[in-house]
Amino acid sequence: MTTQQDPEVPEGVDLERPNVARVYDWFLGGSANWAIDREFGTQVLKQFPEVKTFARVGRDFLGRGVGYLARQGITQFLDIGSGVPTVGNVHQIASAINPDSRVVYVDIEPVAVAHSQLLLEREGLLGRHAVLQGDVRDPADIWKRALETGVIDPRQPIGLVLVGLLYFLGPEEPVHEMVQRYLDFLPSGSYFLSSHLTEDGVTRKEGDNRENVQELYKKTSAPFHLRSRAEFAAFFDGLEMVEPGIDWMATWHLDEADSRASDRFADDPTFTGGLGGLGRKP
């Protein structure tokens, strides 16, 4: 189902169904996607015209969170579910504040891994940063291989990033236990940055067909699942929450960076349906 406009297909890429990482890349204006992903994205847009702006809100939140951590002196990051690289990658944000910053990127999607490696090679940064293909559901494997890269020092605080990922894991999976495994690995002084989609307190507008979008995503590589604010907050159990605690992504530390997409929803951040939070391990 490729076209002349499609990029070359890396080994291991499944083009039988839309891939959520590649669809997200298309929402953000990237080029690491195929016809099947763009056709699916177009269907989503018909049901929910704000989806591209919502994708940018999530990217803005990631940028503000990483920027905050870099200003707190965090120089090493483990970004799981990092996706296809686009403007404002973790290593770019962190290095702009602290040039000694180091990042290990992890994603299950071959396209995301291949493009991340290519980006770092072009920037001459592969080695200082690393890219792994792995499944978030296997914390021990990811932690072991992340340390084997030599990029991360387990004796120093780490910024663990799980942004735009947890809602692709269903209620039948032990997600809270999985997150706790990662937190157990982290040394004292580390931080956990994450986000989630919810229906709690969300306002609606005309033409807001979110239920139809959720049904559409059942046809992709990873359907998404909503959780309550309380369920999301439980991922941070045992951590010291950074103010203002669990908040809407569109307004979390909005004054700390230029976030044009988030600014659009500053008066009604509930409409985005996206929650974010940052916690510190004592």
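## Exercises on helices and buried residues

The protein chain holds ten helices and eight strands (DSSP runs numbered from the N terminus: helices are H or I with at least four residues, strands are E with at least two). This is a predicted model, in which local features need pLDDT of at least 70, side-chain atom pairs count only at pLDDT 80 or more, and totals for chains, interfaces and linings use all residues. Residues are numbered from 1 along each chain as its sequence is written, and side-chain values use heavy atoms, leaving out hydrogens and water.

**Exercise 1.** Describe how helix H1 packs with helix H2.

*Solution.* Start with the residue ranges: H1 covers residues 20-27 and H2 covers residues 35-47. Next, take the geometry: the two pack at an angle of about 65 degrees, with axes 9 Å apart. (Axes are lines fitted to C-alpha atoms over the stretch in contact, and angles run from 0 to 180 degrees between N-to-C directions.) H1 is therefore roughly perpendicular to H2, a label for angles of 65 to 115 degrees. Then find the touching residues, where contact means heavy atoms within 4.5 Å. H1 brings Arg22, Val23, Trp26 and Phe27, while the H2 side includes Ile36, Phe40, Val44 and Leu45.

**Exercise 2.** Check the span of helix H3, then say how covered H3 is.

*Solution.* The expected span is 1.5 Å times one less than the number of residues. With 21 residues (51-71), H3 should therefore span 30 Å, and its end C-alpha atoms, 31 Å apart, agree with that. Now look at burial, which means under 20% relative accessible area with a 1.4 Å probe, protein chains only. H3 is mostly covered, with 18 of its 21 residues buried. After H3 comes Gly73, with a positive phi near 95 degrees.

**Exercise 3.** Which residues of helix H5 are buried, and what do they pack against?

*Solution.* First, the length: H5 (residues 110-122) has 13 residues and reaches 18 Å between its first and last C-alpha, close to the 18 Å expected. Its buried residues are Pro110, Val111, Ala112, Val113, Ser116 and Leu120. They pack against H1, helix H4 (90-97), strand E2 (102-107) and strand E3 (130-133).

**Exercise 4.** Where does Ser101 sit, and why does Ser101 count as buried?

*Solution.* Locate Ser101 in the loop between H4 and E2. Its relative accessibility is 0%, so Ser101 counts as buried. Finally, leave aside neighbours within four places in sequence: Ser101 is in contact with Ile74, Thr75, Ala94, Ser95, Arg128 and His129.

Note on methods
Parallel < 35°, antiparallel > 145°, perpendicular 65-115°, else oblique. Buried < 20%, exposed > 50% of the residue type's maximum accessible area, 1.4 Å probe, protein only.
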